[in-house]
Amino acid sequence: MLLLVGLGNPGPKYENNRHNIGFMAVDELVRRHSSFGPWKSRFQGMVSEGRIGTEKVLLLKPHTYMNNSGQAVGEAMRFYKLESQDVFVIYDELDIQPGRLKVKFAGGHGGHNGLRSMDAHIGKDYTRIRLGIGHPGDKNKVSNYVLGDFGKQDRDLINRQIDAVIDALPELLEAEDINKGSGKFMTKVSVIMNPPANQKKSETKDALAAAKNSAPQKVSPQQKQTEEAKPTLSGLAAAFQKAKDKLNNS
């Protein structure tokens with residue numbers, strides 16, 4: 001079993017915050033994957049169990065608030081006798097622009113309090129999926145920024161990114177070599193979000209063809225008169241044939 005953690009803060013007040021991008025990702029994963037059951041309260045958080053590709057996966061949203069995320073993660077790990085290498089965490093990254101991501105195994109917490117707590121409870125040898133939220137440009141504004149909601153433009157971009165991450169996750173979770181798996185995962189996310197130009201043209205052409213086929217067709221006055229005359233001509237032909245048959249039988 002693998003443990004996939006989405007970091008965030010519980011409650012409607014924080015639901016759409018930039019800091020809650022980890023919660024957003026695992027929530028969308030449960031909505032899209034029928035193998036995952038409903039969220040249940042466990043391990044000081046909410047959990048859902050299912051499969052991603054060939055891997056059995058436990059999703060976890062710690063409800064200890066961000067600064068104590070490691071408490072919930074450690075409890076789940078101990079129960080299932082998991083190693084830190086079995087843990088993957090999705091979280092917000094200030095130093096990456098919205099719509100971009102990086103994957104890293106082990107390393108420091110970079111000032112992120114959720115990771116700081118995880119490092120204290122489970123060590124540093126776990127995989128980090130860092131989803132960019134951008135930086136406000138002033139370190140004094142960081143706290144309000146991460147606890148603020150995404151703007152509409154960024155939220156649309158983040159939604160597309162989360163969809164791409166979910167589609168690409170098997171490349172990462174099934175990989176025997178985490179470094180190779182990380183590369184394949186990030187490449188697939190990039191291709192999904194930025195398809196090749198010829199693919200875009202093909203999709204546009206298909207969309208235009210579908211729209212053309214579904215649109216009502218214009219009919220010229222001559223065509224209309226011809227269509228309206230068809231039933232009349234058909235009726236006359238039938239009457240003529242009936243009269244002809246009657247003469248032949250008489």
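Guide: Helices (H or I, at least four residues) and strands (E, at least two) are DSSP runs, numbered from the N terminus. This is a predicted model, in which local features need pLDDT of at least 70, side-chain atom pairs count only at pLDDT 80 or more, and totals for chains, interfaces and linings use all residues. Residues are numbered from 1 along each chain as its sequence is written, and side-chain values use heavy atoms, with hydrogens and water left out.

The chain contains 8 helices and 7 strands. Of its 250 residues, 39% are buried, meaning under 20% relative accessible area with a 1.4 Å probe, protein chains only. Contact here means heavy atoms within 4.5 Å; among contacts between residues at least 6 apart in sequence, 65% join residues at least 24 apart.

Leaving aside residues up to four places away in sequence, Ile133 touches Arg18, Ile21, Asp92, Glu93, Leu94, Ile96, Gln97, Pro98, Tyr145, Val146 and Phe150. One of these partners, Glu93, is 40 residues from Ile133 in sequence, yet the C-alpha to C-alpha separation is 5.8 Å.

How values were computed
Buried means under 20% relative accessible area, exposed over 50%, partly exposed in between (1.4 Å probe, protein chains only).
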